[in-house]
Amino acid sequence: MKQTLTITIERDWANGLRRDAAQAFQGKRVGNVLSFSEPELFFGKLTANRWALVRSLQGAGALGVREAARRVGRDVRRVHDDLQVLMELGLLEKTDDGKVLCPFDDIHVDMHVRAA
């Protein structure tokens with residue numbers, strides 16, 4: 001089954017959670033959503049190197065840290081640290097045998113940056 005992740009920037013993230021919960025209680029599919037309250041948080045967590053990791057893992061199945069580092073041409077230690085952040089965010093999952101995988105076939109970023 002194809003899985004899509006939607007990443008949003010919502011200053012009022014609590015309102016977004018309430019909206020999604022209300023839809024779920026009505027039997028509507030909410031889907032996978034990752035929300036950031038500020039664009040700065042989004043860009044601070046999802047750096048260019050981390051995006052490259054996510055893209056290299058999409059559709060690749062479960063990979064070890066060394067193989068992930070080889071695919072992006074980076075140091076194993078730094079890739080390990082980035083993989084930890086991506087797993088904390090929910091973009092990647094750790095398998096029972098310690099490998100990592102990206103369960104999302106499609107990642108959609110929905111962002112509006114407005115004047116304060």
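Close-up 1. What you're looking at is a predicted model, where local features need pLDDT of at least 70 and side-chain atom pairs count only at pLDDT 80 or more, while totals for chains, interfaces and linings use all residues. Residues are numbered from 1 along each chain as its sequence is written, and side-chain values use heavy atoms, with hydrogens and water left out. Glu 67 makes a salt bridge with Arg 71, with 3.0 Å between the closest N and O atoms. To count as a salt bridge, a side-chain nitrogen of Lys or Arg has to be within 4 Å of a carboxyl oxygen of Asp or Glu. Arg 71 is partly exposed too, at 40% relative accessibility. Helices here are DSSP runs (H or I, at least four residues), numbered from the N terminus.

**Close-up 2. Arg 77 and Asp 81 in helix H5.** Here's another salt bridge, with the closest N and O atoms 3.3 Å apart. Arg 77 and Asp 81 are four residues apart in the helix, so again there is about one helical turn between them. Arg 77 counts as exposed at 53% relative accessibility, whereas Asp 81, at 33%, is partly exposed.

**Close-up 3. Arg 50 meets Asp 82.** The side chains of these two form a salt bridge at 2.9 Å, N to O. Arg 50 belongs to helix H3 (residues 48-57) and Asp 82 to helix H5 (residues 76-89), so this pair ties together parts that are 32 residues apart in sequence. Both Arg 50 and Asp 82 are buried. Bring Arg 74 into the picture and you have a network: Arg 50, Arg 74 and Asp 82 are linked by salt bridges. The structure holds five salt bridges.

**Close-up 4. Phe 42 and Phe 43, an edge-to-face pair.** There is one aromatic pair in the structure. The ring centres of Phe 42 and Phe 43 are 4.9 Å apart and the planes sit at 80°, so the pair is edge-to-face. Rings of Phe, Tyr and Trp (its six-membered ring) pair if their centres lie within 6.5 Å; planes under 30 degrees apart are stacked, over 60 edge-to-face, and the rest tilted. Phe 42 is buried, with 3% relative accessible area, but Phe 43 is exposed at 51% relative accessibility.

Technical notes: Buried means under 20% relative accessible area, exposed over 50%, partly exposed in between (1.4 Å probe, protein chains only). Helices (H or I, at least four residues) and strands (E, at least two) are DSSP runs, numbered from the N terminus.
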